[in-house]
Amino acid sequence: MTSRKFKGAVFDLDGVVTNTARIHALAWEDMFNKFLKQLAERENKPFVPFDRAKDYLQYVDGKPRMEGIISFLKSRNIELSYGDINDPHGKETICGLGNRKNLKFQEVLRKEKPRIYETSVKFIKNLRKKGIKVGVASSSCNCRLILQATGIEHLFETRVDGQVSRELNLKGKPNPDIFVTAARRMGLTPSECVVVEDAVSGVQAGKSGNFGLTLGIARKHNGEILKRNGADVVLYDLAEISVREIEDWLTKGIEKNGWNLEYDGFDLHEENLREALCTVGNGYIGTRGCFEGEHASDVHYPGTYIAGIYNKLGTKIQNKIIYNNDFVNCPNWLPIEFKIGYENYISPLKMELFSYRQTLDMKRGVMKRSIVCKDALGRITRIHSERIASMANPHLLAIRYNITPVNYSEKITVRSTLDGTVINDGVPRYRQLNSRHLSGIAQGKTEDGIFLHVQTSHSKRQIIINARVAVSENGEPLSVKKKTIQRKAKISEEMGFPARENFTYTVEKLVTVYTSLDQNVTDIKKTVSNTLFQYKDFGSIYRPHVKAWKSLWDKFDIRIEGDTQYRHRCWNAGPRSSWRSIQGTYFLG
């Protein structure tokens, strides 16, 4: 990883340097309400006014004027022709309404001088004293007028606003065009610049433009949303950060941050992609980043794939048998579920979430997830999990799963499972094909855990998995009674213990996997058992795993800048990735 030198900053105007939100909101409200009232009278429908607080923030804030109009009208199911940019303000087109709003804004602006954020102006002056170039990028066509009215136009070396965007045919936020253009006009690359923004669309633009740092200003108390959408650092005001701290972040923090793929907040629509990108793998085996408490559904897909494990199945389509050779979704080793008291097992992701963060640490090959959730009875639980596919020994997998009761003391029951009933069901267009590739051969208890033995239906590949689970309380081993639950090709261990408020209970699940394709292995069952016996806890697998990754990174001596997803693809390959298309399957599921 390489650090970047801080040479420039590109500021959004409204909400960051100036406060014209009230003037904009008044102009939007006046324009929309006159239009909506006329429309309601014509169509003999109730008049529903534009909400200056809710509608302004949700549909028009931070967007180019015409895009804001389209966004709001779409929310009301109103269709208008786009018209021409020179349409008179009385014409009922998108452009006509936009010009009407602009006239109103200028009218109010002449009466009310915009406020400036003094801390932002002070910060900009400090940047200039240190030789940092400063530009402004705004969607507004009135940017220059506002800068002149506030007397701060001289502080910016370049201005890319709505007028410039129109001349250069630049796309509006969340496209990064205006920020990238501002950087280039200062003779800099995006990676040498900081973007300072207060809108979701703005931080999205900073992220997609690969700027060195995207700084979110959360004056509207939307810090978590800004962080989730691409802000590297979130502040309430620029008084909270110094030029030196930004320089330190770009030389030190960015290297640390660059190794991590991070997601804040749980998003149903993004989960499938996140699971793919947060795969842990070592070239021999790879497991998607599905939460341990979830099963296959329209949202989640806990796929595990092992190099070389293919199987051919036939499907009758239009009176013909079509054969498909699939990369098999192997037994799911992830499941760790818990329940409180005598309730049913419910995934924390189906409870009320107070916080959620998922991180893939590519430097150490660890996927982490932190959750704070509240169930229907008001019981709050903090969960933190870590997961690895060992790079030191490719047959080893491990999870460390922490449960902390925040406001209750009650019995907690944990269930750990090896599931061979999984099917290849991650790609919708293949769901008409036969997808059950595994059949159970044997399962049961071992000396200190459980095992599962399955085989593929046609290629007859054998897969044997052993798992051992241990529980501790605040780091001290906890003796628990285990109950084994079995069904065909699926086996679970259930264990209960009295949990105390604000004590942390750690569940460590160690897993070994071997197949009939593994060379120099004559007795798979014995090898699986003997391998697991050599490791006593999560740390004994984690330490050599991290050491192996360090050795690989030292050997690669890679300097990677820019796209985090590209770094992920480099990371996931590993030294054993000669088998065909294993990474592609993580992404498809």
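This is a predicted model: local features need pLDDT of at least 70, side-chain atom pairs count only at pLDDT 80 or more; totals for chains, interfaces and linings use all residues.
**View 1. A three-stranded open sheet made of β10, β11 and β12.**
Start by finding the strands, which lie in the order β10-β11-β12 and pair in an antiparallel way. In general, strands of a sheet pair through backbone hydrogen bonds, either parallel or antiparallel. Here the edge strands are β10 (280-281) and β12 (304-306), and each of them pairs on one side only. Now look at β11 (residues 285-287), which is joined to β12 by three bridges. To see one of these pairings up close, find Ile285 and then its bridge partner in β12, Ile306.

**View 2. A cis peptide bond between Lys173 and Pro174.**
The bond joining Lys173 and Pro174 is cis, with an omega of about 15°. You can find Pro174 in the loop that runs between α7 (162-168) and α8 (177-185).

**View 3. Asn210, a residue with a positive phi.**
Most residues other than glycine have a negative phi. Asn210 is not a glycine, yet its phi is positive, at about 55°. Look for Asn210 in the loop between α9 (200-208) and β7 (213-217). Is this residue exposed or only partly exposed? Asn210 counts as partly exposed because its relative accessibility is 34%, which falls between the 20% and 50% cut-offs.

**View 4. Asn520, another residue with a positive phi.**
Asn520 is also a residue other than glycine, and its phi is near 60°. With a relative accessibility of 80%, Asn520 counts as exposed.

Key
Residues are numbered from 1 along each chain as its sequence is written. Side-chain values use heavy atoms; hydrogens and water are left out. Two strands pair if DSSP finds at least two bridges between them. Helices (H or I, at least four residues) and strands (E, at least two) are DSSP runs, numbered from the N terminus. Buried means under 20% relative accessible area, exposed over 50%, partly exposed in between (1.4 Å probe, protein chains only).
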